[in-house]
Amino acid sequence: MTDQQAHQFERGTDGPKVILVGLDGSDSSLRAVAYAAGLARRQHALLAIVYVQPVLAASAALGVPVAGTTDEIAEQLVAEIREAAEQVKGIFEVRWEFHTFRGDPYSGLVKAADELQADAVVVGASEQAGHRFVGSVAVRLVKAGRWPVTVVP
């Protein structure tokens, strides 16, 4: 190996710059956030936490204020994340941002990954039995083949 080849690689500059993680408040999504936070800390990457606000057409048609309810959920999730970040401040530092998108979970995460230029996507395993037959968000993200996807149980 020549001297020039040896200097082309810089330790600490490889790896993802943006790690996107989906959060919906479920236990598996909370574990995914914790896992992704560890990855982001070790890689010195930005942790982009994404909550996809569902669009419930049937509820909206019946006059139920869906947007207000999903906004409250998003605010609650941000408060929980801030509280957790404060508890580990000084011990566990990670740069993070919280984003919300509207739509179905798969499309929302794809849109978020594109807009935020994610290098990796982390999601929790589906906790719904029907997804074994229909396909979970995680399986659909893996099949899309556009980012490395980690599924946290």
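Reader: Leaving aside neighbours within four places in sequence, which residues is Val 121 in contact with?
Author: This is a predicted model, where local features need pLDDT of at least 70, side-chain atom pairs count only at pLDDT 80 or more, and totals for chains, interfaces and linings use all residues. Residues are numbered from 1 along each chain as its sequence is written, and side-chain values use heavy atoms, without hydrogens and water. With contact taken as heavy atoms within 4.5 Å, the partners of Val 121 are Leu 20, Ala 113, Leu 141, Trp 147, Pro 148, Val 149 and Thr 150.

Reader: How many residues are in the largest nonpolar core?
Author: A nonpolar core joins buried (under 20% relative accessible area, 1.4 Å probe, protein chains only) Ala, Val, Leu, Ile, Met, Phe, Trp, Tyr and Cys through side-chain atoms within 4.5 Å. Leu 20, Val 50, Leu 109, Val 121 and Leu 141 touch the most other members here. The core's residue count is 20.

Reader: Which helix gives the most to this core?
Author: Helices (H or I, at least four residues) and strands (E, at least two) are DSSP runs, numbered from the N terminus. Strand 1 (18–22), strand 2 (46–53), strand 4 (120–124) and helix 7 (137–144) are among the elements supplying at least two residues each. The top giver, with 5 residues, is helix 5.

Reader: Which strands stand at the edges of the sheet?
Author: The open sheet has 5 strands in the order 3-2-1-4-5, with parallel pairing (at least two DSSP bridges). Each edge strand has a single partner, so one side of each lacks a neighbour in the sheet. The edges are strand 3 (96–102) and strand 5 (149–152).

Reader: Which residue in strand 2 stands opposite Ile 19?
Author: Strand 1 and strand 2 run parallel. They are joined by 5 bridges. Opposite Ile 19 stands Leu 47.

How values were computed:
Buried means under 20% relative accessible area, exposed over 50%, partly exposed in between (1.4 Å probe, protein chains only).
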